[in-house]
Amino acid sequence: MVEPTTMDAAPTHGPVTPCVIGVAGVRAREELERGVPLAIGRSASSGIQVDDAAVSRLHATLTWDGARVLLEDHGSRNGTLLGEARIEGRVEVRGGQVITIGPARLVVVIPPRQAPTTRTTGTAMDHANALADRAAQCDLSVLILGETGAGKEVLARRIHRASRRSAGPFAAVNCGSIPETLAESILFGHEKGAFTGALATKAGVFEATQGGTLFLDEIGELPAAHQARLLRVLEERVVRRVGGLRDVPVDVRVIAATHRDLDREVARGQFRRDLLYRIDVLRIRVPPLRERLDELPELVPALLSELGADAPAGPNEEVISLLRGQAFPGNVRELRNVLARALALSESGRLDAAAVAAALPDGALDRPASELRGQVASAEREAIERALEATGGNQTHAARKLGISRRALLYKMQRYGLGRANERNRT
């Protein structure tokens with residue numbers, strides 16, 4: 001049985017070379033580059049070996065002539081399918097078409113020609129984005145691996161936007177947050193009267209995402225019973241609503257994601273091996289933020305824009321330096337929260353080093369950043385004390401003098417232990 005493998009990164013420029021994904025790797029691509037027919041069959045000498053009784057020793061070949069990919073069946077016993085049709089002789093394969101040979105499903109991807117870039121080294125996220133762009137050219141299932149908050153859904157949306165399904169809907173479901181009693185209804189729908197509270201027939205997310213992409217986040221959290229039903233949907237492309245008597249065809253591309261090691265979960269009996277094979281056709285790993293700190297100068301302005309803040313013309317070196325000292329166990333999601341907190345604490349309403357230092361979690365700083373934060377806190381406390389003294393303890397007037405809201409002043413007074421001293425002056 002041929003198992004899927006991770007795709008290799010696509011080149012950003014240079015000669016356009018097709019690659020076969022699903023079961024092939026570097027050897028297959030190298031043979032195509034040299035113009036050598038790539039043999040597919042049961043023989044161990046094949047460029048792509050499919051060890052199954054339904055496959056002939058030399059079943060078919062793929063050839064790249066510099067402009068076209070040609071697929072030829074060599075009189076195999078059980079035939080070769082291109083899409084849904086059995087081929088005869090040699091035919092041209094378009095990018096994204098599915099080739100079926102016995103139990104193996106292959107996709108030939110022809111990367112678009114791109115102009116050379118000035119960037120000579122790619123970042124860890126560039127690699128993931130390159131794989132995502134290649135995955136968008138076909139319609140097979142994708143499994144995205146990465147820590148919580150690393151940006152798995154962002155990558156799934158990127159694949160959807162660049163795919164032929166971009167005009168269709170995109171739906172995201174967190175399998176870890178679905179109540180077990182409602183999982184079947186949410187995923188597959190239900191008929192009226194199927195259970196207490198089912199007052200009307202309702203389509204599940206598979207039906208609601210017809211023609212589009214369904215992102216199943218944290219699929220490793222899905223209970224075993226629902227794993228079996230999901231497997232049936234992926235195999236047969238039909239759903240049956242809870243309480244229903246008929247199957248409803250669905251045309252949905254599934255992109256799954258998890259922070260778990262699903263291979264280990266399979267070994268422990270917590271995840272179905274056959275379901276893993278179905279969702280793990282194309283695998284992409286999203287690196288954690290601690291491996292992508294070089295991207296902070298581009299990432300910070302993008303997140304500020306999402307937060308509705310004015311992005312600085314260029315990266316603030318002090319801010320970037322502070323952020324580089326963080327471990328960010330919550331990844332991009334945590335960084336976004338830090339920036340949001342810093343904007344709320346900033347007196348100017350803009351991102352600056354003082355606000356970022358105040359927004360960072362305690363104990364997360366390296367020594368130089370910790371010293372800076374202490375200096376900032378000391379200066380801020382003194383400024384508040386002076387303002388309160390100058391206004392006779394009137395918090396409203398003191399806040400106005402400091403150029404911040406009274407609510408922000410109260411927060412800072414509580415943080416610096418200044419609340420009790422001014423308990424009687426809350427007007």
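Me: Which helices are included in what covers the buried residues of helix 9?
Reply: The model is a predicted one. In helix 9, residues 296-306, the buried residues are L296, L299, V300, L303 and L304. Seen down the helix axis they fall within an arc of 130°, so they line one face of helix 9. The cover over these buried residues includes helix 10 and helix 11 (331-345).

Me: At roughly what angle do the axes of helix 9 and helix 10 cross?
Reply: The contact between the two is made by L296, P297 and V300 on helix 9 and by I320, L323 and R324 on helix 10. Angles of 65 to 115 degrees count as roughly perpendicular, and helix 9 and helix 10 are therefore roughly perpendicular to each other. Their axes come within 10 Å and cross at roughly 105°.

Me: Within what arc do the buried residues of helix 10 fall?
Reply: Helix 10 covers residues 317-324, and its buried residues are V319, I320, L322 and L323. E317 and E318, on the other side of helix 10, are exposed. The buried residues line one face of the helix, because seen down its axis they fall within an arc of 160°.

Me: Which residue with positive phi follows helix 9?
Reply: Helix 9 spans residues 296-306. The residue with positive phi that follows has a value near 80°. That residue is G308.

Me: Is strand 15 largely enclosed or largely open?
Reply: T213, F215 and D217 point one way from strand 15, while L214 and L216 point the other way, and all are buried. In a regular strand the side chains alternate between the two faces of the sheet. Five of the five residues in strand 15 (residues 213-217) are buried, so the rest of the structure leaves this strand largely enclosed.

Me: How many residues are in the second, separate core?
Reply: I279, one of the residues that touch the most other members of the largest core, has contacts with S141, V142, L143, I219, L234, A256, L262 and F271, not counting residues up to four places away in sequence. The second core is separate and includes L304, I320, L335 and V356. Of these, L304 is a buried residue of helix 9 and I320 a buried residue of helix 10. The number of residues in the second core is 28.

Me: Which are the edge strands of the open sheet of five strands?
Reply: The order of this sheet is 3-2-4-5-8, with mixed pairing. Strand 5 (residues 69-73) is joined to strand 8 by four bridges, and the two run antiparallel; L70 has E92 of strand 8 as its bridge partner. An edge strand here pairs on one side only, and the edge strands are strand 3 (48-49) and strand 8 (90-93).

Technical notes: Residues numbered from 1 in each chain as written. Predicted model: local features only at pLDDT ≥ 70, side-chain atom pairs only at ≥ 80, totals over all residues. Heavy atoms only, no water. Buried < 20%, exposed > 50% of the residue type's maximum accessible area, 1.4 Å probe, protein only. Core = buried A, V, L, I, M, F, W, Y, C linked by side-chain atoms within 4.5 Å. Contact = heavy atoms within 4.5 Å. Arc of directions from axis to C-beta. Pairing = 2+ DSSP bridges. Axes fitted to C-alpha atoms, helices over the stretch in contact; angles between N-to-C directions. Parallel < 35°, antiparallel > 145°, perpendicular 65-115°, else oblique.
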